[in-house]
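Here's a quick tour of a few local features. Have a look at the fold, then read on.

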Amino acid sequence: MNTTQSTATLRALVVEDNPADVALLKAHIATAPPGWIELQTAHTLEDAAQHLRFERFDVVLLDLSLPGSQGLDTFRFVHERCREAAIVVLSGLADETVAREAVRSGAQDYLVKDGVDANVLFRSVTYSVERRRITQRALKLQAELEHARKLATIGRITAGIAHEIRNPLQIVAYSANALAKRLAVSADEKSVKDIERIRSAAVRGERFVQELLEYGGDMTLRKTAVHLGVVLGHVAEDQDAAADEGGVRVTFETVGDLRGVVVDPHRIEQVLVNLVTNAVKQTGEGGVVAIRCERDSPTTVTVEVLDMGPGIEPEHLEHVFEPFFTLRAGGVGTGLGLAICKAIVEAHGGEITLANAPAGGALARVRLPVSGAAEA
Ligand SMILES: Nc1ncnc2c1ncn2[C@@H]1O[C@H](COP(=O)(O)OP(=O)(O)OP(=O)(O)O)[C@@H](O)[C@H]1O
Ligand SMILES: [Mg+2]
């Protein structure tokens, strides 16, 4: 047979009760390039169901007339059990109309047995598998689009609610603060504690709402060319001072020329603050959080934050960038920190990862394009 096929071997299931027809198919396939297709055979529907349950196929070659099942019933039975496989119906002249009906119901092609030769079989199977893959991809994209639409709607609703809640929360926090000061001299201990509880709950709520607005809000960047070492150096200093209370040091190192990096400095500061905050929380007293900022290629810079904490359990790693994923109990974390980092970094056309460092601790890595061409 004259063909140039170079892709991976196709896995096919032939569902056919007539041994002569199976033998004929095998004879056609024997003339195809070696490694093009690999056949399994099922003689009954039950047998086919078993194969489809436990194995993955690219294509099912299906005879519609089987013991105990005829025509479209046979097709429907197999179609319901095929997850990814294309179906090519094999029909006799007598049931060609039914075969066409099967194509309308989701089969990729049909072949009249008498007219099959090696070339016809090869073309039909190849195109059917390809058509099926294209359809699957289209369905997947459609589902993703639907999901994105839903998320966008939820985002808009959330932003609306967050705006409305932020003001009252600010008032509660402010008033509780003022009240606490005024009552500091005269109030009993219990009242002071109650007011402190109100204040800290309001502050927590306010922070949550602020993060929600940042995550769901507009990601327009105000980009400008900066010396990234200077911008991030300030963040490192502030974070070092803040971490001092818990006995953790934050160090900062730069490598290479970090001038002229085009970013939204405020947003990139925010990324580093979130990463360092996470790192400091995990690092015990006397430990160090090391920030390293490097011009690692003519077109990219990399910022790394390495901590001395316990690292991340492998089953949690794939979830850490999801909004609201947090392992900090008791409402301490909102789980939006890394989701915000990801949104900011991707809006800059960069990428962010979090992994366990070989020598222990977690390593967050942000890679950004120097020229910042991708305006969001
Ligand atoms: N450096 C780290 N080491 C170990 N685990 C980490 C580290 N950084 C993040 N994590 C894990 O990932 C989770 C998600 O982090 P993320 O910053 O998104 O949320 P959070 O810190 O819990 O809350 P917040 O919204 O206040 O930042 C954390 O709860 C923590 O379990
Ligand atoms: Mg965090």
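Ser175 sits in helix H5, which spans residues 118–183 (helices are DSSP runs of H or I with at least four residues, strands are E runs of at least two, and both are numbered from the N terminus). Ser175 counts as partly exposed because it has 14 C-beta neighbours inside 10 Å (20 or more would be buried, 12 or fewer exposed, with C-beta atoms placed from the backbone). Between Ser175 and Arg131 there are 44 residues in sequence and 65 Å in space, C-alpha to C-alpha.

This is a predicted model, where local features need pLDDT of at least 70 and side-chain atom pairs need 80 or more, while totals for chains, interfaces and linings use all residues. Residues are numbered from 1 along each chain as its sequence is written, and chains are lettered from A and ligands numbered from 1 in the order in which they are written.

Now for a helix pair. The axes of H8 (residues 265–282) and H10 (residues 337–347) come within 9 Å and cross at roughly 150° (axes are lines fitted to C-alpha atoms over the stretch in contact, with angles from 0 to 180 degrees between N-to-C directions). That angle is why H8 is roughly antiparallel to H10 (the label needs over 145 degrees).

Finally, the strands:

| Feature | Value |
|---|---|
| Strand S11 to strand S12 | six bridges, antiparallel |
| Ala355 | bridge partner Leu363 in S12 |
| Gly360, in the S11 and S12 hairpin | positive phi near 105° |

Strands pair if DSSP finds at least two bridges between them. The hairpin has five residues between S11 and S12.

Definitions and conventions: Parallel < 35°, antiparallel > 145°, perpendicular 65-115°, else oblique.
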